[in-house]
Each structure stands twice: as C-alpha cells, then as structure tokens.
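Trainee: I would like to go through this structure with you, one question at a time. Please show it first.

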Amino acid sequence: MLIETEATPNPATLKFLPGRTVMDAGTRDFATPEEAEASPLAEALFNLGDVTGVFFGRDFISVTAAHGVDWAGLKPDVLGILLDHFSANMPLFRQGSAAGFSVPAEESFTDDPEDADIVAQIKDLIETRVRPAVANDGGDIVYRGFDKGKVYLQMQGACSGCPSSTATLKNGIEQLLKYYVPEVTEVRAV
C-alpha cells in the first residue's frame, strides 16, 4: 500500500492520501486527545506526542504537528500508523462513538427563518465552490450561521490555525459570497 503525502499551506500540517475513501460522508476534526478517543486511528496519531490535530476528509487525513516539531522525524511514524491501520482494514471509529461531524452547541447559530433563501445560497456556494478548494489544501470549512449580513464559518483540518487562513477567509471566501449574495457584508471565523 502506498500513502502519498502533500504539503498544505499550513506548514505545521501534512495531508496524507491513503488511496482509498477515509470518510464516506462528512468530515471529522480532532483538536484534542480527548476528542480522538472516538477513533483508534486518531488516538494512535495523538499518542505519538507531537501531534496536535487530526482531520479526516473524504479521501485524506491531515495531521498537524506541535509548534517546532520537525516533520522529517514525525512523518515516518505517522506513515507507519496509517499503513498499519489501513492495511488491517481497521474501523475508523469505535463502536458507539459519533462517527460523523457534530456541532458543539456553543458554536451553533440559529438562522432567522426570514433569511432562508440567503442561507440556502450561502450554503450552496460553500458546498460547491469553497469546500472542494479547501479540501485540496487538507482542510474543511463548515457553515455556522448568518446574522445581519455576517456569515460565520469554522475552519478545520489544515485550515485551522493556518497563517494564510485569514487571507483565504477575507480575500477569497468573503469576496465570493459578497459577489453572489449581496446581503453578505462580512465573513467571520468562529
């Protein structure tokens, strides 16, 4: 089995492509070892000690290393864990754990029903134009809400904490949404 790696715009994160589907639907972001307990693979990666984030996409895994960690030393260990996991066809999640993406209550917004058409346009643009581009960089972007012209989005995977994520959000995503949805005045990360 060959697992390809790709650099991402975030120098702390590498994207690993096992050549097979990782998640059938949705994505899953693990920002702490406690969150990773739902997945034997994510937990094993965090147990390396130098990993601070794991993200499962449709056909990739993004791994974020701690500040100052040299990928030259960490990469072989990550590849070993991934090879063992996928070669043995081990489950991605523990039985009884929430496999798909879940929204923490404190990060959820309630959209005004009067904005339903605007929200539908925003979600469609994010799904068709933004998410595929962000996935190419080893991350994901999740819609969180729309309120008084402001769109709230959450960056995940390689995009979370990436030095260029603010530029992507403001110069790319915000401009795209403003162009197609005039009611949008600003895009903010949550």
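Trainee: Is Arg188 buried, partly exposed or exposed, and what is its relative accessible area?

Mentor: This is a predicted model, in which local features need pLDDT of at least 70, side-chain atom pairs count only at pLDDT 80 or more, and totals for chains, interfaces and linings use all residues. Residues are numbered from 1 along each chain as its sequence is written, and side-chain values use heavy atoms, with hydrogens and water left out. Buried means under 20% relative accessible area, exposed over 50%, and partly exposed in between (1.4 Å probe, protein chains only). Arg188 is partly exposed, and its relative accessible area is 35%.

Trainee: Which residue meets Arg188 in a salt bridge?

Mentor: A salt bridge here is a side-chain nitrogen of Lys or Arg within 4 Å of a carboxyl oxygen of Asp or Glu. The N to O distance for the Arg188 pair is 3.0 Å.

Trainee: In the salt bridge of Arg131 and Asp140, which residue counts as buried?

Mentor: The two side chains meet at 2.7 Å, N to O. Arg131 has a relative accessible area of 21%, so Arg131 is partly exposed. At 3% relative accessibility, the buried one is Asp140.

Trainee: Which residue is linked with Arg131 and Asp140 in a network of salt bridges?

Mentor: Arg131 and Asp140 form a salt bridge with each other. The network also takes in Glu127.

Trainee: What is the relative accessible area of Lys15?

Mentor: Lys15 pairs with Glu6 in a salt bridge of 3.8 Å, N to O. Glu6 is partly exposed at 32% relative accessibility. Lys15 is buried, and its value is 5%.

Trainee: How many salt bridges does the rule find across the interface of domain 1 and domain 2?

Mentor: An automatic or database domain assignment sets the bounds, giving domain 1 (4-88) and domain 2 (113-189). The whole structure holds seven salt bridges. Across the interface of the two domains the number is zero.
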